[in-house]
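The sequence and the model come first, and the description follows.

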Amino acid sequence: MKNKHFNRVFQCIATLVLVLGLSFLFQDSVSAATVKAPKKVTGVRILKYYNDSGRLVVDNCYSRGYNGYQAEVWAATGKNYKRVAVKINSYDEIFIKNSQLKKNKFFKVRMRAYNVDKNGKKLYGPWSDWKYFSHQPTVKKMKITKKGIDISFDKIDGTGRYNVYVYDGKGSKFKKVGSTTKTKYTITKCNGKKLQKGKTYYVFVDATKKVGKKYYSELLNDWYKCWRIKY
């Protein structure tokens with residue numbers, strides 16, 4: 001009798017252990033299965049330099065709540081691109097040193113989010129659309145001619161065309177006066193009017209990148225720079 005009673009108790013304990021073990025395994029598999037890769041992130045934008053620390057901030061402002069984010073930055077070399085930085089952060093701001101961003105190149109950046117499952121594995125979502133940016137070309141020369149104001153500026157590798165903006169001190173905005181695929185341009189008008197003798201004009205150049213049928217541009221910490229000349 002004792003042996004039979006012992007065997008029954010042992011069988012009950014073994015059955016209980018088996019059920020509990022399967023239950024824990026099932027819970028682990030369910031909890032691991034509920035962790036899914038994020039959706040495609042949107043709203044990637046370029047924040048300006050922190051001049052004091054020399055960092056560019058890439059911020060994905062519309063996709064929050066994931067375990068982490070990854071960003072890739074690529075630099076243009078002719079028609080091709082080369083990856084220059086890969087960064088991961090636990091929140092959606094990625095800091096990139098400006099030493100990795102050579103001045104006379106066009107750049108593109110993309111981001112993706114990830115979640116971490118129970119085993120510590122990163123589950124990455126799809127990459128965002130590309131975001132394009134560059135420094136502003138430096139205006140190297142400004143000269144008064146019979147036609148107007150001749151300017152020449154640095155070449156930005158990977159640029160599709162340059163937009164030239166002029167400001168005459170009235171109002172509060174630069175206005176586009178023309179575009180060129182070359183690194184020089186002659187300014188003949190401002191605000192739709194001919195240039196006036198004795199007046200000071202301010203010049204701003206924006207490099208753009210053609211992707212498909214559209215042109216894209218985004219300037220870094222030198223977006224505020226302009227050049228002036230008295231006509």
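## Surface and overall make-up

The accessible surface of the protein is about 14,600 Å², and carbon and sulfur atoms account for 52% of that area. The coordinates belong to a predicted model. Of the 231 residues in the protein, 38% count as buried.

Among contacts with a separation of 6 or more, 62% are between residues 24 or more positions apart.

## Confidence

Mean pLDDT for the protein is 83, and 81% of the residues score at least 70. Among the elements, strand E13 has the highest mean, 98, while helix H1, residues 2-34, has the lowest, 47.

Over residues 16-32 the pLDDT stays under 50, and for this stretch the model has three contacts beyond four places in sequence. Where pLDDT is low, predicted coordinates should not be read in detail.

## Nonpolar cores

The largest nonpolar core holds 23 residues. The members that touch the most others are Phe106, Ile149, Ile151, Ile187, Leu195, Tyr201 and Val205. Two or more residues each come from strands E10 (149-153), E11 (161-167), E13 (184-187), E16 (200-211) and E18 (227-230). E16 supplies four residues, the largest share of this core.

There is also a second, separate core, with 19 residues. Its members include Ala71, Ile94, Phe107 and Ala113. As a general background, nonpolar side chains in soluble globular proteins tend to be buried together.

## A three-stranded sheet

Strands E9, E10 and E13 form an open sheet in the order E9-E10-E13, with antiparallel pairing. E9 (139-144) and E13 are the edge strands, and each pairs on one side only. Direction ignored, neighbouring strands of the sheet are turned by 20 degrees against each other on average.

E9 and E10 form a hairpin, with four residues between the two strands. Five bridges join this antiparallel pair. Across it, lysine 143 stands opposite aspartate 150, a residue of E10.

Is isoleucine 151 buried or exposed? Isoleucine 151 lies in strand E10 and counts as buried because its relative accessibility is 3%, which falls under the 20% cut-off.

Aspartate 154 is in the loop between E10 and E11. With a relative accessibility of 16%, aspartate 154 is likewise under the 20% cut-off and therefore counts as buried. Beyond four places in sequence, the residues that aspartate 154 touches are Asn104, Pro137, Thr138, Lys140, Tyr162 and Thr183.

How values were computed
Residues are numbered from 1 along each chain as its sequence is written. This is a predicted model: local features need pLDDT of at least 70, side-chain atom pairs count only at pLDDT 80 or more; totals for chains, interfaces and linings use all residues. Side-chain values use heavy atoms; hydrogens and water are left out. A nonpolar core is a set of buried Ala, Val, Leu, Ile, Met, Phe, Trp, Tyr and Cys residues joined through side-chain atoms within 4.5 Å. Buried means under 20% relative accessible area, exposed over 50%, partly exposed in between (1.4 Å probe, protein chains only). Two strands pair if DSSP finds at least two bridges between them. Axes are lines fitted to C-alpha atoms, for helices over the stretch in contact, and angles run from 0 to 180 degrees between N-to-C directions. pLDDT is the predictor's confidence in each residue, from 0 to 100. Contact means heavy atoms within 4.5 Å. Accessible areas come from the Shrake-Rupley method with a 1.4 Å probe; for residues, only the protein chains shown count as cover.
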